[in-house]
Amino acid sequence: MEILEPLSGDAFAPETTYLNTSSCGLLPRRAVAAITRLAEENAAGTRQGAGSFDALGAVRGSFARLTGVGADRVALGSSVSVHVALVAHSLPAGAEVLAPEGEFSSVVQPFAVRGDLKMRYVPLESLAESVRPDTALVAFSSVQSVDGRVADLDAVRAAAAAHGARTLLDASQSAGWLPLDAGAYDYTVTAGFKFLACPRGTSFLTVTEEAQERLAPLHSGWFAAEDLSDNYGPVRELAGSARRYDEPGSFLSYHAAAESLAVLEEVGIEAVCAHDLALAARLRAGLAALGHRAVSESSAVVAVPGLDGLQPELVRGGVYASARGGNLRFAVHLYNSSADVDRALEVLAAVL
């Protein structure tokens, strides 16, 4: 079997066998340095303000390039659920929202909590065929958090278009390893702290120009103004771009994110995808040899039913994975190697 080394060289510095990116990605060294530098400046009082808007612009531009949209279509925030809540507020009472069964809570809770929307849940495999003429929005993840299954993205988009439904895609478990055309969806939401290797407190919303016409910037403040010197009283003119949906930037997180996304751009998502899928295939083959079949067939997220109780023993052996929904869930990424996969299989074999 081919020996795979980390794609990122020494950009990352793991001290464990870390196969838990679905929970939280590792930060590259230069992102940690950026946080440290800004924190020291804030402590010393040697800069004007808490951080740089140039860093926010760099992150917006990087994410746009990584996902195939213009930077004017990208809004920055702190969490996926805040972005989804904007979309939920935009729907009229009684509108139908279609979602997969067992979808991650941040994708569906903002709709469910309204109480006046019609929520309909179907198996992921039936999502496309379940879109109806009265479906207002299809809200779903490209990769399921619980088990790594990859949605049939083309089929869902086609079905939504055929019935005039909007689409909201959560790319939190795929952006950073699976190529994404964000402009193919009315909205995408993405947590930055997983496969994008950013700190918590970074998240991304993309909005098509047409969808923006109906999306109210509910939490807009001065940072959403077209003119950022417009700081007092009601904003005279909101930004004409998706920046109108920005939350105030968490500068420590976003200074680091600028470095994290730069690493991904330098390596390239296509290369990361090939690397991650090859490692995942090696892991699935090893699991099968141990008598356990993974749920997903082609995903960087590899989940095995019934083994979730072994997660603490793996951690004691220096192998980091997670327990989710009855599954033992591994997730490989650009900083992993075939040696990481082999070590995980060795420890798992010992505890089975």
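Is Cys273 buried or exposed? In this predicted model, in which local features need pLDDT of at least 70, side-chain atom pairs count only at pLDDT 80 or more, and totals for chains, interfaces and linings use all residues, Cys273 is buried, with a relative accessible area of 11%. Buried denotes under 20% relative accessible area, exposed over 50%, and partly exposed the range in between (1.4 Å probe, protein chains only). Residues are numbered from 1 along each chain as its sequence is written, and side-chain values use heavy atoms, with hydrogens and water left out.

Cys198 is likewise buried, at a relative accessible area of 1%. A disulfide is defined as a pair of cysteine sulfur atoms within 2.5 Å, and the count by this rule is zero. The sulfur of Cys273 lies 18 Å from the closest cysteine sulfur, that of Cys198, which is too far for a bond. For Cys198, the closest cysteine sulfur belongs to Cys24, at 11 Å, again too far for a bond.

Seven strands form an open sheet of mixed pairing, in the order E2-E8-E7-E6-E5-E3-E4. Helices (H or I, at least four residues) and strands (E, at least two) are DSSP runs, numbered from the N terminus, and two strands pair if DSSP finds at least two bridges between them. Strand E3 (residues 96-100) runs parallel to E4, and five bridges join the two; Pro100 stands opposite Val122 in E4.

Helix H5 (residues 153-163) lies across strand E5 (135-141) and strand E6 (166-170), with contact taken as heavy atoms within 4.5 Å. The direction of H5 makes about 170° with that of E5, where axes are lines fitted to C-alpha atoms, for helices over the stretch in contact, and angles run from 0 to 180 degrees between N-to-C directions.
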